[in-house]
Amino acid sequence: MQRIGVFVCHCGTNIAATVDVKAVAEAMKNEPGVVFSVDYQYMCSEAGQNLIQDTIKEQKLTGVVVCSCSPRMHEATFRKAAAKAGINSYMVEIANIREQCSWIHKDIMTATEKAIILARTAVAKVQLNAPLTPGESPVTKRALVIGGGIAGIQTALDIAEAGFDVDIVEKQPTIGGKMTQIDKTFPTLDCAACILTPKMVDCAQNEKIHIYAYSEVESVSGFVGNFTVKIKKKARYVDTTKCTGCGICTEKCPKKSVPNEFNLGMDNRRAIYIPFAQAVPKVATIDADNCNMLKNGKCGVCAKVCTAGAIDYKQQDEIIEEQYGAIVAATGYNPISLEKYDEFAYSQSKDVVTSLEFERLTNAAGPTSGQLLRPSDGKHPHTIVFVQCVGSRDTSGCGKEYCSKICCMYTAKHAMLTREKYPDTDVYVFYIDVRTPGKLFDEFYRRAVEQYGVHYIKGMVGKVAPRADGKLLVQASDLIANEQLHIEADMVVLAAAIEPDKSARSIATMLTASMDTNDFFTEAHPKLRPVESPTAGVFLSGVCQGPKDIPETVSQASAAAAKVIGLLSKDKLTCNPCVAHSDELMCNGCSACEKVCPYGAITYSDKEFRQPDRTVAIRRVASVNEAVCQGCGACTVACPSGAMDLKGFSNKQIMAEVDAICK
Amino acid sequence: MDKREEVLRISGVNVRKCMRCGKCSGTCPSYDEMEFHPHQFVYMVETGNIEPLMNSESLYKCLSCFACVERCPRGVEPAKVVEAVRLAAIRQKGNNHLKASAVPELLDEDTPQQLLVSAFRKYSK
């Protein structure tokens with residue numbers, strides 16, 4: 001029989017205001033095995049922990065039940081306290097009477113009744129608890145970063161700086177991500193390429209960093225410290241070890257009319273291309289869908305002009321397998337499709353552009369060489385209307401419910417730069433709210449208004465109608481003047497909402513990392529563990545976790561790197577001892593557990609068993625690799641003979657809990 | 001019943017969903033004809049300032065084209081609010097706003113047909 005102590009926490013008024021804690025402590029005194037029961041204001045305080053430790057010694061306790069907050073908060077605290085007093089830390093159980101009771105109930109009577117049931121359930125479980133000892137598993141000292149935008153680049157650089165190997169997998173032919181397409185950065189107006197490309201070059205030159213560009217993650221298996229990842233290197237049809245990036249092939253290729261994705265389709269590239277001058281790695285890629293040679297075997301110009309002999313039309317996709325200790329998701333974002341916003345005439349007029357397209361139209365490497373010209377007729381626009389919140393803060397089902405966070409600032413930047421470079425241009429910004437919470441952000445926005453004379457109008461554009469003469473008739477409301485405005489504009493720029501990259505969902509599935517309803521990765525804790533996924537060993541960097549601007553992305557990227565470095569600097573990880581084990585005498589060798597195990601932790605072997613009649617029989621039985629098992633419990637449910645059981649959550653313990661609830 | 005409650009009940013609209021972006025009034029084709037604009041209808045109903053709306057010609061200038069309903073990013077449905085105020089006004093006892101015989105001389109050549117159809121639909125009851 002166990003000697004159990006029950007400790008009921010008030011948690012200030014968090015629990016005590018809704019649960020009669022004294023009644024809970026009193027009721028527990030009558031439970032079998034309970035030799036001590038008490039309530040206390042803050043169990044997690046040092047005095048509270050001392051109370052547990054002293055009681056363990058005085059009452060010679062063998063088991064402890066703490067009725068308090070979620071085990072996610074203080075289970076570790078109480079386990080450590082119990083271990084200090086000399087009992088096995090797995091002899092401690094938490095009854096969650098805060099999140100699962102006091103916070104969700106209003107009536108003291110019913111909440112107290114439920115708290116008593118939860119406490120009784122924990123007592124019933126402790127009765128059957130056995131001491132457990134955690135094992136250890138090794139750590140592969142190499143990290144994988146999925147996504148090579150500014151988030152992935154910063155994370156990789158920081159991990160490499162600490163002396164660990166790190167691989168970047170990027171699906172595009174070059175690293176750099178969205179920031180390569182941006183012209184200037186707010187609020188300092190540095191040129192984005194000037195501050196990004198040195199970091200890209202650092203990545204390429206760093207011996208600790210390996211870049212898998214034009215590659216995708218195919219599959220992920222394993223667990224924290226021991227991931228096995230298959231990476232698909234997509235065929236570029238160019239030998240990257242030979243290509244010098246001279247670019248002759250990209251000038252001679254006869255296929256000239258492929259929409260250039262780097263400039264968002266506003267100009268064309270060839271079928272063999274290098275995305276932009278500072279691409280890393282600077283090697284050419286053949287776009288197989290548009291290459292005449294690959295499609296029908298008629299051409300071969302690039303192979304003829306290539307002095308390095310790098311062109312290889314027979315190149316195949318290649319799958320490589322690597323081991324990693326930690327994985328960072330840095331999958332980034334895209335602007336949403338505007339097809340559901342007909343009222344802004346985006347698909348009807350070339351002069352209605354998204355903000356990212358506007359970046360390209362003002363960039364020296366863009367389709368207009370940095371001259372702000374109307375896409376339709378190449379003329380200089382004299383009236384430009386910027387529309388904010390296109391698809392953001394939208395609950396109608398067409399857009400996204402959240403604020404995209406970056407649009408207020410980049411629109412202020414666009415408006416300011418337009419007025420600076422072209423003072424003869426009238427610039428209107430229609431806003432719902434101007435959100436500028438950032439260092440020097442509001443000052444920047446006010447400068448656009450006060451110094452550059454941008455017309456900020458509180459209101460929304462209702463519709464944009466392209467007129468036959470090329471003008472765009474913008475109808476909008478000015479809520480402060482209580483007027484409807486009709487503006488003849490030359491260009492309209494839409495601040496489209498941003499959404500996670502489409503690849504994020506399949507990557508989250510491979511990583512068994514959770515996502516929210518908008519497909520942003522969820523954090524282990526929204527405030528206190530913001531760069532960790534709830535899945536151990538998986539970390540989050542950049543917009544894949546939620547909208548953020550460049551400074552915030554870089555901070556988070558470094559934070560994720562710090563977490564990875566903390567993990568990789570360990571030689572061994574303590575394993576969770578709550579793992580499955582098989583009772584070989586009961587196992588019938590059916591393989592059901594092996595099939596459901598997501599970690600490949602179960603193997604079968606033939607073993608000799610002494611029979612009741614003293615003969616020896618050979619049977620096929622399951623055994624669990626405890627270093628690989630993550631304690632998910634799938635096998636215990638699949639096992640038809642009841643041979644599989646989970647330590648710390650045995651079938652008997654769970655049934656005892658159910659009995660205690662139903663008593 | 002309180003007029004605000006009545007309008008909210010008839011419309012079935014949750015006016016608190018409005019984030020004051022003004023897209024309804026930005027899109028409204030009848031804006032210049034209206035003394036109170038779609039966003040004001042939503043705001044004034046929210047604050048309970050219903051009387052001026054009930055006595056305003058604006059009630060009869062709304063085309064019921066539903067452009068505001070279609071484009072509202074928050075699903076507030078301003079046209080339903082206008083319609084509800086209109087119904088609340090009509091349902092007041094002994095307070096006739098329009099007699100059928102008065103229609104011909106009020107007819108405006110420039111009035112869109114849509115408005116007439118909408119009006120007939122409302123006053124046929």
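In the predicted model, helix α6 of chain A passes helix α15 of chain A in a right-handed crossing. The two elements, α6 spanning residues 150-161 and α15 spanning residues 550-568, pack at an angle of about 40°, and their axes lie 8 Å apart. On the α6(A) side, the contact is formed by A:Ile150, A:Ala151, A:Gln154, A:Thr155, A:Asp158 and A:Ile159, while α15(A) contributes A:Ile550, A:Thr553, A:Val554, A:Ala557, A:Ser558, A:Ala560, A:Ala561, A:Val564 and A:Ile565. When these residues are sorted by class, the contact of α6(A) with α15(A) comprises 10 nonpolar, 4 polar and 1 charged residues.

At the level of domains, chain A is divided into domain 1 (4-128), domain 2 (142-234 + 317-332 + 501-568), domain 3 (248-305), domain 4 (334-499) and domain 5 (580-647). The centres of domain 3 and domain 5 of chain A, taken over C-alpha atoms, are separated by 56 Å.

Turning to chain B, the secondary structure consists of 8 helices and 0 strands, so that, by the assignment of helices and strands as DSSP runs numbered from the N terminus, the pattern read along the sequence is α-α-α-α-α-α-α-α. Chain B has 125 residues, of which 38% count as buried. Where contacts in chain B between residues at least 6 apart in sequence are considered, 71% of them join residues at least 24 apart.

How values were computed. Residues numbered from 1 in each chain as written. Chains lettered and ligands numbered in written order. Predicted model: local features only at pLDDT ≥ 70, side-chain atom pairs only at ≥ 80, totals over all residues. Axes fitted to C-alpha atoms, helices over the stretch in contact; angles between N-to-C directions. Helix = DSSP H or I, 4+ residues; strand = E, 2+ residues; numbered from the N terminus. Left-handed = near helix turned anticlockwise from the far one by under 90°. Contact = placed C-beta atoms within 7 Å. Nonpolar A, V, L, I, M, F, W, Y, C, P; charged D, E, K, R; others polar. Domains from an automatic or database assignment. Buried ≥ 20, exposed ≤ 12 C-beta atoms within 10 Å, placed from the backbone.
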